[in-house]
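My notebook is open and the structure is loaded. Here is what I looked up today, in the order I went.

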Amino acid sequence: MPKHRVHEMVLLKTIAETLNQSHELSSMLHSVLEKLLELTGLTTGWIFLSERFMDFRCVAEQNLPPALTGNNGKRMNNGSCWCLERYWDGRLVNAINILNCKRLEDAVAFRWGDTEGITHHATVPLRTGKELVGLLNVAAPGKVHFTDEELALLQSVAFQMGSAIERIYLYAAEQRRAEMFARLDEFSRALTSRTGGCSDLVPVAKASLSLIGEHFNWPIAALYEQSDSKLSLRSVYTSDESFELPERMAMEESGWIGEAVTNRRLRTASAEEAALLFHAEGREGRRRPAAKLATAAVVPLPFGDTGYSVLIVGSTKRDELKAEDRPILEALAEHIAGALESTLLADHRKELTRIEERNRLARDLHDSVSQLLFSLSMTSRGVESLLTGPSPDTKAALSAVRDLQSLSQSALKEMRSLILQLRPAELQAGLVTALREYAERLGLQIAARVDGVGALPRPIEDALWRIGQEALNNVSKHAGTPAAEVTLTITSLEVTLRITDKGKGLPGSISRLYGSATSIGLSTMRERAEGLGGTISIMPRRSGGTAVEVIIPMRAINQSNGNRGNER
């Protein structure tokens, strides 16, 4: 076998071994470039990577002459040249001789420094599959021409480098994908924790955007509402006060955002497109860029009618939002839409609960106070007839007046009981004290105990008060015993309210009672507990009677979104 063929095989084998020694792109290209120059006898080389027109970077270089290394490396990373122009316009297909180098000609013309005798170089395109990703340039002092054999060898090396670059790109993409899904999982759990039990859309929207900035490090996140032919800003998170977003946009002027909203499809934007949108009015009415965004994306929310239509995120880093991130962005939109829908349902559920309570109070008024007042009215007429008849009967009238007094006392007691349910003023003395006093008004004897010390958040205290009222009402009406026990247990994680009696228990199956027309109270108890992320169980006791147990997590209700960033 000819010596030059053996040399080529050794060179390709060495290059292949070098390419497989690293998963980091820059260090791998530096190593292989150094090895290539060593084995070919060439002195100088550099590698450009470029994905689009006028967007390139010199990622590896070896022994560049002083004329090209000056100005802090800007001479190799700014401006065009003949090899890049051929690369961008599609004329560079195979390894070729560049007759002379524009960068080196500029170095001579502008006296940048010593070129060390290098005037020409060979240029080889780097490919990953069918895609061009960059250029390999090699040179030596006084060398103005490369033979066909030399160019073919460089072409083989470039093919190996392209395959290695593709492998590294795929490896990096998988790593990024895994990292992004891990962040998405953390975002989902944090969103559920922060917004659970909330019935107001505004703090949920703020929390969603704040968590996007926290978990994905994107400096801008916003929610817009589509109304007729306009997009209106509803909530925004920014990591810096200098970032500004337009309050309103006409659909016909919103460019790529309007396109995404109209087609209901995710859309990513280049830095140029983002800059055209994110602007603000400066002094003298001049428009100025609101943020130096390298990329942005708009994601329509997939479902619901919450008043929020699209999610917009932006980044100052070019590679932070890619087409490969589509599943992550769409999942973010789904999580946010789900949280907003759950919040809206929670608000509807609370409104239904309020309506049910009004209906219950109306029934109680009709069944108790209204009946007593009707009896008072009829008895008072009887007294009038006894005193104004032909032969007044004062003795019977006096007895009727005593009945009037008894009826009025009963009506007053019932009214106080109903007012107490509407305005729990006794909660100022503590939940257990309020429940004990309420039970005494119902004629019950209560044994109360408190385990643990700590202030209860107002929503939790109010919910336990209402649940406790209904439970004590059930004891009074159904248990057939005047005795009950109330236990409140407070820990750093949860609060538990337990009300037990030794009576005859509730009739029928509890599961059948939930939600039925005759058990509005039991349904309301369950709704209150679940609305705060808690649970309620109503079960018979082995020793007889019924036990009602409510467990609610001790977390902040309608938790604020913290002070990170600037939010609306």
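I began with helix α2, residues 25-40, in this predicted model. I see that α2 lies across β1 (44-52), β2 and β5 (131-139). Against β2, helix α2 runs at about 50 degrees.

Next I looked up helix α7, which spans residues 148-195. This helix lies across β1, β3, β4 and β5. Its angle to β4 is about 35 degrees.

Then I turned to the sheet itself. In what order do the strands of the open sheet come? I read off β2-β1-β5-β4-β3, five strands with antiparallel pairing. On average, neighbouring strands here are turned by 30 degrees against each other, direction ignored. A reminder to myself: strands of a sheet pair through backbone hydrogen bonds, either parallel or antiparallel.

Three bridges join β3 to β4 (residues 121-128), and the two run antiparallel. Opposite I98 I found H121 of β4.

Both I98 and H121 turned up again when I checked the cavities. How many cavities of 30 Å³ or more are there? I have two on my list. I looked into the second largest cavity, which holds about 50 Å³ of space. Besides I98 and H121, its lining includes W46, F48, W82, R103 and N137. I also wrote down that β1, α5 (82-88) and α6 (102-109) each supply at least two residues of this lining. Sorted by class, the lining of this cavity has seven nonpolar, three polar and two charged residues.

My last stop was strand β16, residues 494-501. Is β16 largely enclosed or left open by the rest of the structure? Six of its eight residues are buried, so I put β16 down as largely enclosed; buried here means under 20% relative accessible area.

T487 has R498 in β16 as its bridge partner. β16 also pairs with β18 (residues 546-553), again antiparallel and over seven bridges. For that pair I noted I499, whose bridge partner in β18 is V548.

Methods: Residues are numbered from 1 along each chain as its sequence is written. This is a predicted model: local features need pLDDT of at least 70, side-chain atom pairs count only at pLDDT 80 or more; totals for chains, interfaces and linings use all residues. Side-chain values use heavy atoms; hydrogens and water are left out. Two strands pair if DSSP finds at least two bridges between them. Helices (H or I, at least four residues) and strands (E, at least two) are DSSP runs, numbered from the N terminus. Axes are lines fitted to C-alpha atoms, for helices over the stretch in contact, and angles run from 0 to 180 degrees between N-to-C directions. Contact means heavy atoms within 4.5 Å. Buried means under 20% relative accessible area, exposed over 50%, partly exposed in between (1.4 Å probe, protein chains only). On a 1 Å grid over the protein atoms alone, a cavity is a set of points where a 1.4 Å probe fits but cannot get out, and a pocket is an open set with protein on both sides within 12 Å along at least five of seven lines; lining residues have an atom within 4 Å of a point. Grid points are joined across faces, edges and corners, and a volume is the space filled by probe spheres set on the points. Ala, Val, Leu, Ile, Met, Phe, Trp, Tyr, Cys and Pro count as nonpolar, Asp, Glu, Lys and Arg as charged, and the others, Gly among them, as polar.
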